[in-house]
Structure formats: C-alpha cells, structure tokens
Amino acid sequence: MTDLQRYYNDMVRYVLLVLALASTLLLGGCDALGGDEEAEGDDTLYIYSWGDYLDPDVIAQFEEETGIHVVLDEFDTNESMYPRVKEGATNYDLICPSDYMIQKMAENDLLQPLDYDQLPNAKQYIGEDFLKQAESYDPGNRYSIPYCWGTVGLMYNKKLVHGDVDSWSVLFDPAYKDEILMQDSARDAFMIPLRLMGDSMNTKDAKELEAARDMLIAQKPLVQAYGVDDIRDKLASGEAALGVIYSGEAINLLKANPDLAFCPAPKEGTNLWMDGWVIPKQAKHVENAHKFIDFLCRPDIAAKNFEALGYSTPNTAVQALVEDDMDEDEIEIAFPDPTVYRGQETYQYLGEAIDKLYTKLWLQVKVE
C-alpha cells in the first residue's frame, strides 16, 4: 500500500468517525425534543396546540407557580397534527384537537383516559351543557376537557345587505354576486347546503353529499373568494358584503367595523364546534398534563385566557369576571343565551371512506 493510499484510507476513516459522532449527537437532540423523560426530568411539559391559542402570560404564570417548564409546538389544522401524533414523531404530553379529531384519535387508540381526581377545577367550573355536548364525540367525557367553543355563523355589512340576516339562504342570493365569502373548508362549506336541505352535517349518505356539492357548484359564480383568515380582513375593510366566519372572530370584527353585524346561528342550524385538551397515550409527563389542564380551568386563569384569545369558554365562572369590560353585543356573542347552542350539531368523525368522499366532492366544487 502506498503512502498516498494510506493517507486516503486514514482520511476516509476520519470522515466516517466524524459523521458517526454527528449522527449520535443529532439523534440525542431529537430524543430530547421528543420529550425524553430521562433527559428532561419531571419538570417538563410538551404541548401541541393551535397557533395563538394560549396566552403567553398564562404559560409563564403556570411555570412560575409550578416550576414546570412548558415546551409549546403549534399546528394549523387537525389534519396536519394527526399524522405526527399517530407516527409518534414527538412525545407530546398534551394536545388540543377539535371535536371530530378527538373522536378519531380515541377510536385509533391514541389517547389515554383522564384522571378526574386530578382535575377538581374542571369538575367544578366546566358547564354541564358543554360536557353534555362533548359526549357526542367523547362519550362519558372520558378523554377530553372542553377548552374553547363557538359556532359557524354569518357576518354581514348592514350597509350592503338588506334586512336582518337569519338564514344560510342569503349566501345563494344573486343580489350579492361577487360579495360573498365562503370558508375554504370541506366540512364548513358542505354544512351549509346540507342544513338548507334539512340533512345532518354528519351525513354519510353519498346522494345527500352529492346534492350539497351541486348546490355549492351552482353558488360558485356568486362567490368572491374561498378563504380562511382573509375572510376576516375583507369583511373588516368592507371589501365584501357577507361571509361565513367563526363566532370567536366576531367580537374583533365588530370593533374593527361598526357597520358589521353577526348572526351566530342561522335558523336552519349550524355547527357548534369545540376544541378540547387530551393526553396522548405516549405522554411521559401525565401528571404535569393534568396540572396544566386544571390550571386552565381555574376561573382567574380562564378569564385571563379568554381576554387574550376572544373565543368563548365553557368555564361558567368567567362571565362574571370579565363582563364589566365588555359591551352588550360582545357579551351576547361570547356568552350567548343557551338557546343559541343547545340542539346544534357538532362535527363527528365519519371514517376514512367518508373523509375521502368529502375531499373528492370538495375538489369538484373548487375546480368546476
């Protein structure tokens, strides 16, 4: 072997050694990010939640009171969250999915039951109406504690829309051509024609779903845009006459544009959505997760969170703590009379086959 060959072989071995060391360090770092209890100890809590869904001051107060360090990751849709949890990419201790996704996760054995002995504030302050509603996707409230809730409603500009709005049918009125904003969401979009036809928003009937698709295709020439956050912006600036929004956005919109009005529950019925806290089966800091859930259910903390987020809370003690700083319209939206939400449907998980059907039919609406 020549000196040149020896030098070459030594260099190869050196490079391989460096790569092996780097790989070990990288994997070790990933394990720590994944919630390795030995690496992080018992004073850590890994949370996976919607973006901007926890007041940072609330997290800081929890850390100060308990000595538990919170690591927060955020997701933008239930569908982007689910595979990450299912594949075990990260060992989260606490997650905040929506109603139908909680049902899906439970059915796929991804959640562990809650220990209500560790949740005294939840037992005392979460309203019976909301616990009962949650049973539609979580029988017995076994896996989840309701966190935020609301309805899918209609926001409209009183200067551009004639008369009071109390029906989804206004979204199909040719008088408002190019002035209508629809949610870019299959479930929220299909819910509207299904309710107009008197069908359940949780139907699995292909013919009913196809009829809803046909209504949405017929409506499409009237629609200015399908969107999410941009619906809020367009309504606030007066770029559109009416749109489908979530009730949690209504208070800020009314403040932004006094010409706007809100119908939280059209007469045909609407979706009552609920997000809740769950503990995944792979969680390593289960006691800390229970502590955080119960901390969020404490009245002063729930009120603080409500003021930061603006979404309605199922906590029965909050209204008395915050209503002095709210006007009448804001109170009616955030804490509506029970007749607004009682009897409304909550989205349920309909199974993989129906999920694919919704996706297929929604695509047909979008590309038609």
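Mentor: Start from the outside: A353, K356, T359, K360, L363 and V367 are the exposed residues on the face of α16 that is turned away from its buried side. "Exposed" means over 50% relative accessible area, "buried" under 20%, and "partly exposed" in between, using a 1.4 Å probe and protein chains only. Before we go on, this is a predicted model, where local features need pLDDT of at least 70, side-chain atom pairs count only at pLDDT 80 or more, and totals for chains, interfaces and linings use all residues. Residues are numbered from 1 along each chain as its sequence is written, and side-chain values use heavy atoms, with hydrogens and water left out.

On the buried side you find I354, L357, Y358, L361, W362 and V365. Looking down the axis of α16, those buried residues fall within an arc of 125 degrees, so they line one face of the helix; the arc is taken from the directions between the helix axis and the C-beta atoms.

How about its length? α16 covers residues 352-367, and at 1.5 Å a residue its 16 residues should span 22 Å; the end C-alpha atoms are 23 Å apart, which agrees. That expected span is 1.5 Å times one less than the number of residues. Helices here are DSSP runs of H or I with at least four residues, strands are runs of E with at least two, and both are numbered from the N terminus.

Contact, by the way, means heavy atoms within 4.5 Å.

Take α8 next. The axes of α8 and α16 come within 10 Å and cross at roughly 80 degrees. The two helices are therefore roughly perpendicular to each other. Axes are lines fitted to C-alpha atoms, for helices over the stretch in contact, with angles running from 0 to 180 degrees between N-to-C directions. Under 35 degrees counts as roughly parallel, over 145 as roughly antiparallel, 65 to 115 as roughly perpendicular, and the rest as oblique. From α8 the contact uses A186, R187, A189, F190 and L194, and from α16 it uses Y358, L361, W362 and V365. By class that gives eight nonpolar residues, no polar ones and one charged. Ala, Val, Leu, Ile, Met, Phe, Trp, Tyr, Cys and Pro count as nonpolar, Asp, Glu, Lys and Arg as charged, and the others, Gly among them, as polar.

α8 also meets α9. Their axes come within 9 Å and cross at roughly 105 degrees, which makes α8 roughly perpendicular to α9. On the α8 side you have A189, F190, P193, L194 and L196, facing E208, L209, A212, R213, M215 and L216 of α9. That contact holds nine nonpolar, no polar and two charged residues.

α12 (residues 286-297) and α13 (residues 299-309) pack at about 75 degrees, with their axes 5 Å apart, which makes α12 roughly perpendicular to α13. F295, L296 and C297 of α12 meet P299, I301, A302 and N305 of α13, a set with six nonpolar, one polar and no charged residues. α12 is mostly covered, with nine of its twelve residues buried. At 1.5 Å a residue, its twelve residues should span 16 Å, and the end C-alpha atoms are 17 Å apart, which agrees.

I245 is buried, at a relative accessible area of 0%. Its C-alpha atom is 7.3 Å from that of Q183, 62 residues away along the chain. Leaving out residues up to four places away in sequence, I245 touches T151, V152, G153, M155, Q183, I231, L235, A250, L253 and F262.

Finally, zoom out. The protein has 16 helices and nine strands, and 51% of its 368 residues count as buried. Of its contacts with a separation of 6 or more, 75% are between residues 24 or more positions apart.
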